[in-house]
Amino acid sequence: SDADIAVVGLGVMGRNLAFNMAEKGFRVALYNRSVERIDEAIALAGPLAKNLVACHTPEDLVAAVKKPRALLLMVQAGDAVDETAARLQPLMDKGDALIDAGNANFHDTVRREHALAEAGLAYLGVGVSGGEEGARHGPSIMVGGKPEVYARVKPIFEAIAAKFQDTPCCALLGTDGAGHFVKTIHNGIEYADMQMIGEVYGLLRRGLGLTPAEIGDVFERWSEGPLSSYLVDITATVLKTVDPKTGKPLVDVIVDSAGQKGTGRWSAIEALALGAPASSITAAVEARGVSADRALRKTLSERFPGAAQPLTLAGNREAAIELLEKALLAGKILAYTEGFAIMSAASREYGWKLPLAEVARIWRAGCIIRSTLLDRIASAYDQTPDIESLVLAPGLTPLFEGAVGALPEVVAEAFRHGHAVPALSAATSRWLALRQPRSTADLTQGQRDFFGAHGFGRIDAEGQHHGPWSQSEG
Ligand code: 6PG
């Protein structure tokens, strides 16, 4: 029993996390329900195998780990976590910890932490971002749980995490579900970012007539500027990739129906529950849903033909590309602003005191949404932890102001020529609504009072008032 930690669930993510730990000198006990995966992992480990302990039963696994034990689960989110926890729990001793490193729904994490605490066991809910590559060489790690439990695995987590200028992208963000909540919102922002990139790709392709390879070049250029990010980088690579089978751009042979595992949708659901707007995230989730309804799209496109038309944006191609870059940047800033505002609302609701500057800092490397923008966001929250809106931060305002004018222009032009831009337009509408000194909710309040006597405030008096409706009805 000399292993520092156990990893349960040896899919791509679990195996790579275990290899990462082994490489940093930790001894890792391995277990998987289908036992062939265990030997497979050992075979793939090469020289790292000397730090791995293959365990073929849950009993062997628990016996292999130093007390108090840390058992990390990397199994499919949902029932599999409860089933695995139920198998391990009777074998564990008081004070041992289970760590769920999958993409759990944070409500489940809260429930599991409390259930295990009743049995004297500790729990951490940990969001891990960065895909396969991140798991192997440095993910961003978002931890929720008790400080004394985190302290026990902190050296391992900090050793395996991505580094941004030598600082590990790993932090305890709050109690129970805080880590998984932050990971969920990370993914919500990921959805919005990817959708906006996709919309701009569509405008460059069908609106300006560029080829995928040319668009790849455009994104490559953009990745040198304020849009610099992992997602923009991989977009360039994906667009420039040629299908070996047909010689066509790979993107043209990929079925245009997006998958989703739930985290984006949870972001939208939680935001609604908190009363915090998630306009662009929700639009991105819905856009994936629309893409997946291929049968309906086929029927409607045949019944109502009229494909998207070329854009007449900005007069010439270069100017149009520049406008699209600005629209994407403004959209991205608004999506991040939205994501951080949701976390801020959740933090108040659940008493987490989420350190938003720290969240931005640990997203600067390792995770899927890593981008230079996050450095500015981290500084913004460092300077003003309770800033009303990120677009007011001195480090962001000039960038945003220089770009946001392009948003309505691009969206209007896209609509006029038949292009769908759901996430960009949702961000635009919300932005335009927010910058109006007077909204149209005066009318809404009048209507509510008319049919339900709900009352309204007056601009020239205190208290609740009612309209003279009986006179007008008469
Ligand atoms: C990450 C990713 C990762 C994964 C999600 C999103 O941060 O490493 O977000 O968690 O890609 O599963 O997946 P869907 O697009 O399938 O919802």
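Colleague: Is Leu399 buried or partly exposed?
Modeller: Leu399 counts as partly exposed, because 18 C-beta neighbours lie inside 10 Å and buried takes 20 or more. Bear in mind that this is a predicted model.

Colleague: Which helix does Leu399 lie in?
Modeller: Helix α17, residues 397-404.

Colleague: How far is Leu399 from Pro226?
Modeller: Their C-alpha atoms are separated by 8.3 Å. Along the chain, the two are 173 residues apart.

Colleague: New topic. What span should helix α14 have, and what does the model give?
Modeller: α14 covers residues 317-350, which is 34 residues. At 1.5 Å a residue, the helix should span 50 Å. The end C-alpha atoms are 49 Å apart, so the two agree.

Colleague: And how many of the α14 residues are buried?
Modeller: 25 of the 34, so α14 is largely enclosed by the rest of the structure.

Colleague: What comes just after α14?
Modeller: Gly351, with a positive phi of about 65°.

Colleague: Now strand β1. Which residues cover its faces?
Modeller: β1 is residues 5-8. Ile5 and Val7 are buried on one side, and Ala6 and Val8 are buried on the other.

Colleague: Which sense does β1 take with β2, parallel or antiparallel?
Modeller: Parallel, over 4 bridges, with β2 being residues 28-31. Ala6 stands opposite Ala29 in β2. With helix α1, residues 12-23, the two strands make a right-handed β-α-β unit.

Colleague: What about β1 and β4?
Modeller: Parallel too, over 3 bridges. Val7 has Leu72 as its bridge partner in β4.

Conventions. Residues are numbered from 1 along each chain as its sequence is written. This is a predicted model: local features need pLDDT of at least 70, side-chain atom pairs count only at pLDDT 80 or more; totals for chains, interfaces and linings use all residues. The expected span of a helix is 1.5 Å times one less than its number of residues. A residue is buried if 20 or more other C-beta atoms lie within 10 Å of its own, exposed if 12 or fewer, and partly exposed in between; C-beta atoms are placed from the backbone. Two strands pair if DSSP finds at least two bridges between them. A crossover is right-handed if, with the strands pointing away from the viewer, the path from the first strand over the helix to the second runs clockwise.
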